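Here is a briefing on salt bridges and a surface patch in one protein model. Please keep the sequence and structure at hand while reading.

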Amino acid sequence: MMVSEILSGWMKEAFVKALPDADISRVTVQEAANPAFGDYQCNEAMGIAKGLRKPPRDVAASVIAAAGAHPLVASLEIAGPGFINIRLKDDGLIESLEKMVCGERMGVPDDGAGQCVVIDYSSPNIAKPMHIGHIRSTIIGNALDRLYRRLGYRVIADNHIGDWGTQFGIIIMGYRHFADQEALQRAPVEELERIYVKSYEKTREDEAWMEQCRAELVKLQAGDPDNLALWEKFIELSLGEFDRVYRRLGVSFDLIRGESYYRDKLAGLLERLEHEGLAVESEGARVVMLEEEGLPLCIVRKRDGGFNYATSDIATVLSREDEFSPACIIYVTDERQQLHFKQVFSICRKLGCETPLMHVWFGLMRLPEGTFSTRQGNVIKLEALLDEAEARALKIVKESSPDMPEAQQREVARAVGLGAVKYADLSQNPQTMITFTWEKALALDGNSAPYLQYACARICSVREKYVQQFGEAGLQAAGIMITHPAERELVLQLLRYPDIVRRAALLYKPSVLADGLYAIAQKYSTFYQNVPFLKADSGVRESRIRLCAVTAQILQDGLALLGIETPERI
RNA sequence: GCCCCCGUAGCUCAGUUGGAUAGAGCAUCGGAUUUCUAAUCCGAAUGUCGCAGGUUCAAGUCCUGCCGGGGGCGCCA
């Protein structure tokens with residue numbers, strides 16, 4: 001069990017003993033705000049004292065008296081208006097840490113116990129290249145995917161690709177008139193985008209063209225073999241290119257079901273909505289009124305008879321609920337879809353769907369000069385970003401490790417460049433807008449992936465040097481000792497790891513984990529810089545090498561949860 | 001007009017169900033390498049937490065109003 005849970009349980013018991021009538025549901029411990037106060041603190045004596053109309057310090061004192069002794073705890077103290085400060089024994093810290101790292105889960109609790117969670121993320125559109133606007137859903141979604149798996153959930157990562165929209169009429173017309181087969185071979189998605197944009201522009205000035213696009217869409221939706229074949233071709237070309245990016249990013253899905261997967265369910269869904277009196281006619285369209293929910297109405301069938309995104313998403317929810325009975329369905333999209341999902345979720349509720357539905361939204365990525373726009377030509381392709389990241393990393397690797405074989409330099413640069421890009425995104429609270437700058441996305445110092453990777457690489461190096469000089473035998477039996485404040489702070493930080501992983505998942509914020517890992521790496525760097533390892537006395541030496549190893553285990557584990565690799569040398 | 005987010009150091013951002021003296025990184029200045037990777041470490045400096053009220057033992061955090069920025073609001077996704 002996590003240290004925080006052990007202490008929380010213990011405090012709860014103490015509150016019950018001291019104050020049998022008090023509501024202890026909120027009693028927990030948290031890490032101390034300031035190391036000078038102790039290691040953990042409990043603040044609830046003040047809240048409970050208020051309800052009981054007793055002096056808070058008296059309540060805290062009676063809780064401390066009732067708590068008695070605990071094998072992990074060195075001291076309990078009252079401070080300020082009624083804080084209870086908890087200081088742990090060094091042995092207790094070490095014992096807890098050893099217990100934590102001996103299992104596969106690094107102390108992270110099995111909250112999911114095998115329950116299913118569907119996570120819907122990335123979801124690019126067919127015939128459009130992935131640009132840096134897609135990176136957040138993909139990277140954040142993938143980190144949540146990994147976090148929920150670690151917490152014991154059976155995750156179904158579903159890439160809900162945009163493969164059935166109204167754009168296909170436009171693309172088909174574009175393809176028939178403007179396609180350059182040679183370009184299509186060379187850079188398929190780029191060419192598809194070009195013909196889409198060209199055809200789209202033509203719809204704006206040429207009404208007849210627009211009509212033909214609509215007609216092609218209707219034909220496609222009616223199952224016309226020629227259009228269907230083209231549609232399949234577009235999908236195949238796009239998926240091939242998406243795959244290349246996903247492989248590079250280390251992202252994989254359990255399902256890739258585009259919107260088209262649900263297309264046969266739409267008519268039936270509309271019937272059901274009408275049958276239950278939810279969908280009504282309005283200006284030729286079918287809409288669901290959501291006044292009670294304080295939301296604008298939602299169109300579930302267009303005037304021309306076509307279905308749109310909302311209907312498709314409702315069908316998707318119902319289908320997933322039916323097929324997987326998930327404990328939760330999580331959507332990872334940008335902030336602009338907040339209203340859309342509120343509407344979709346409300347309608348699902350009205351239809352009797354009880355599955356918890358969660359929209360995890362993130363702020364839009366933009367450039368310093370404003371939003372992205374295909375028309376302004378200022379989109380940055382995802383692959384170009386990754387190329388640039390690797391190139392910059394390679395330059396530094398070549399400077400700092402000139403003796404490293406070229407192939408390894410490239411491999412290191414790949415891991416570091418990719419890590420930097422991912423971390424730049426993951427380390428920030430998702431719900432804030434990101435202003436993209438090359439400088440920030442590719443930062444290699446300070447709070448960045450390379451900083452964490454560097455810490456890991458130094459640990460590997462230290463261990464190697466140790467084994468060279470002293471052999472491996474001494475490490476097997478070596479216990480960790482706390483002989484220096486830097487060691488104690490590091491151990492304390494490592495013990496928080498399971499809490500941090502759980503918190504990151506519960507809040508849908510990989511940034512919480514990134515912050516926690518950065519704090520560990522900072523403590524480690526201080527430790528590394530300020531105490532000798534190889535030149536320490538025998539015994540202390542082994543203890544320190546073991547602490548290094550444990551730190552590496554946790555950093556690697558945490559970075560893996562963020563989808564970031566840790567090369568042995570950088 | 002209505003709805004949702006955001007406003008914290010020069011810049012980019014953390015800040016736990018309301019808790020103790022609001023913290024990091026970048027940039028700036030000063031120091032550390034005969035020793036384990038200097039992509040590092042140590043130190044200095046930096047704040048009307050947008051503004052005004054309110055709630056309470058305690059507000060960056062909760063409530064109300066205002067100002068500023070972003071996004072959304074019937075046939076795109």
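In this predicted model, Arg-336 and Asp-334 form a salt bridge through their side chains, at 3.1 Å from N to O. A salt bridge here is a side-chain nitrogen of Lys or Arg within 4 Å of a carboxyl oxygen of Asp or Glu. By this rule the count comes to 35 salt bridges.

This is a predicted model: local features need pLDDT of at least 70, side-chain atom pairs count only at pLDDT 80 or more, and totals for chains, interfaces and linings use all residues. Residues are numbered from 1 along each chain as its sequence is written, chains are lettered from A and ligands numbered from 1 in the order in which they are written, and side-chain values use heavy atoms, with hydrogens and water left out.

**The Arg-336 and Asp-334 pair**

- Arg-336 is exposed, at 62% relative accessible area.
- Asp-334 is buried, at 12% relative accessible area.
- Buried means under 20% relative accessible area, exposed means over 50%, and partly exposed lies in between (1.4 Å probe, protein chains only).

- Helices (H or I, at least four residues) and strands (E, at least two) are DSSP runs, numbered from the N terminus.
- Arg-149 is partly exposed, with 36% relative accessibility.
- Asp-254 is partly exposed too, with 40%.

- The side chains of Glu-388 and Arg-392 meet in a salt bridge at 2.8 Å, N to O.
- Both residues sit in helix H14 (residues 382–400), four residues apart, which means a separation of about one helical turn.
- Glu-388 is partly exposed at 29% relative accessibility, and Arg-392 is partly exposed at 35%.

**A network**

- Glu-5, Asp-111 and Arg-502 are joined into one network by salt bridges that share partners.

**A nonpolar surface patch**

- Val-280, Met-289, Leu-297 and Ile-299 make a nonpolar surface patch of about 290 Å².
- Patch residues have over 30% relative accessible area and no salt bridge; like charges are joined within 9 Å, and nonpolar side chains (Val, Leu, Ile, Met, Phe, Trp, Tyr) within 5 Å.
- Val-280 is part of strand S7 (residues 279–282).
- Val-280 is partly exposed, at 36% relative accessibility.

How values were computed. Accessible areas come from the Shrake-Rupley method with a 1.4 Å probe; for residues, only the protein chains shown count as cover.
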